[in-house]
Amino acid sequence: RVYDAPPLFKDGEAAHRAQDFARCDALYGKLLQKFPASRYAHSALYNRGLCLEALKQHALAAQHFRRHAQLATELRDRRDGEFRMGVNLIATRNYAEALHLYDTLLQADDLGPADRAECHLRRAIARIHLKRVGLAERDLRAAKSYVREAYGEHLTGNDLLAEIHFRRGEIYERLTEGVALKLPLDKMKGDLAEKVRYFRQAQASFIDALNVRHSYWATASGLKLGELYERFYRDVLTAETPPDFDKQTKAYYLYELRKALTPLLEQSLSLYEKNITLSE
């Protein structure tokens, strides 16, 4: 069969609409291989990147979006490629390169508030994974401010705002997990107070994400809340006990501790049940 660029491009678009991403990838791949100088090639790079992203081949997708941005003759097309490249860099855990990309983008003067919100959000994610938590939270605050500037009071279901709250919850979830409860008792009291403080920050942020009422982030936040309660229960229950506790004393101590912590497990179970309903 003789192929030409226009029918390959048209068939690729049809495959993408039908969510047949493997066929979409193959068609655009053939177009780029056989007709690299075609006027369809630049758009095919972007469209194939979307198909590869859907197939979770994020490294290849990032390469296609990078090339699309490099070859763009219009600023808008270049920005489209850069934004999709950034998402895929983060998906491949290439946080250092993603950080550099968003540092560069945030210096540009052509971005509107919604684009700036996304850049701050994605840079925050990169910074979280690079253990730059203070800077990440600063980015999330900036992102939230730009979301409000872009969308005003129309924030119900806003995916950017929901993810901002969710990522802040992740920061404090990690901080909660990082506090170990170990003797001596005076140290443990201080550590427990810190752990509770982080726990409440994480809880508040996941609840804020839920309240935005975006279906995906609400489901994800409900799951995180259940895990948060469950993990806190486990961490407190497995905390070190004084070495002078005999078998009977330790058994009584654990009995009382479980009784005090039962409401946490009940909350966790309730959240999991609600989340199953919401997911369905």
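**The cavity and its lining**

Modeller: Glu173, Thr176, Glu177, Lys195, Leu228, Arg231, Phe232 and Asp235 form the lining of the largest cavity, and please keep in mind from the start that this is a predicted model.

Biologist: What makes these residues, Glu173 and Asp235 among them, the lining of the largest cavity?

Modeller: A residue counts as lining when it has an atom within 4 Å of a point of the space, and the residues that line the largest cavity include Thr176, Lys195 and Phe232. Two or more of the lining residues come from each of α9 and α11, and α11 gives the largest share, with four residues.

Biologist: How many cavities of 30 Å³ or more does a search of the whole structure find, and how much space lies in the largest cavity?

Modeller: The search finds one cavity of 30 Å³ or more, and the space in the largest cavity is about 40 Å³. When its lining is sorted by class, there are two nonpolar, one polar and five charged residues.

**The largest pocket**

Biologist: What is the volume of the largest pocket, and which residues are closest to its centre?

Modeller: The volume of the largest pocket is about 830 Å³. It is lined by 24 residues, of which Val87, Arg122, Glu163, Arg167 and Trp217 are the closest to its centre.

Biologist: Which helix gives the most to the lining of the largest pocket, and how do the lining residues divide by class?

Modeller: Helix α9 gives the most, with seven residues, while α5, α7, α9 and α11 each supply at least two. The lining of the pocket divides into eight nonpolar, three polar and 13 charged residues.

**Pairs of helices**

Biologist: Why are α2 and α3 called roughly antiparallel?

Modeller: The axes of α2, residues 21-34, and α3, residues 41-54, come within 9 Å and cross at roughly 150°. Angles over 145 degrees count as roughly antiparallel, and therefore α2 and α3 are roughly antiparallel to each other. The crossing in which α2 passes α3 is left-handed. Residues on both helices make the contact, including Phe21, Tyr28 and Leu32 of α2 and Ala44, Arg48 and Leu52 of α3. By class, this contact of α2 with α3 has 11 nonpolar, two polar and two charged residues.

Biologist: What is the omega of the peptide bond that joins Leu183 and Pro184, and where is Pro184 placed?

Modeller: Omega is about 10° for this bond between Leu183 and Pro184, which is a cis peptide bond, and Pro184 has its place in the loop between α9 and α10.

Biologist: What makes the phi of Gln19 worth a remark?

Modeller: The phi of Gln19 is near 60°, a positive value in a residue other than glycine, and most residues other than glycine have a negative phi. Gln19 is found in the loop between α1 and α2.

Note on methods: Residues numbered from 1 in each chain as written. Predicted model: local features only at pLDDT ≥ 70, side-chain atom pairs only at ≥ 80, totals over all residues. Heavy atoms only, no water. Axes fitted to C-alpha atoms, helices over the stretch in contact; angles between N-to-C directions. Parallel < 35°, antiparallel > 145°, perpendicular 65-115°, else oblique. Left-handed = near helix turned anticlockwise from the far one by under 90°. Contact = heavy atoms within 4.5 Å. Nonpolar A, V, L, I, M, F, W, Y, C, P; charged D, E, K, R; others polar. 1 Å grid on protein atoms, 1.4 Å probe; cavity = no way out; pocket = protein on both sides within 12 Å on 5 of 7 lines; lining within 4 Å. Points joined across faces, edges and corners; volume = space filled by probe spheres on them.
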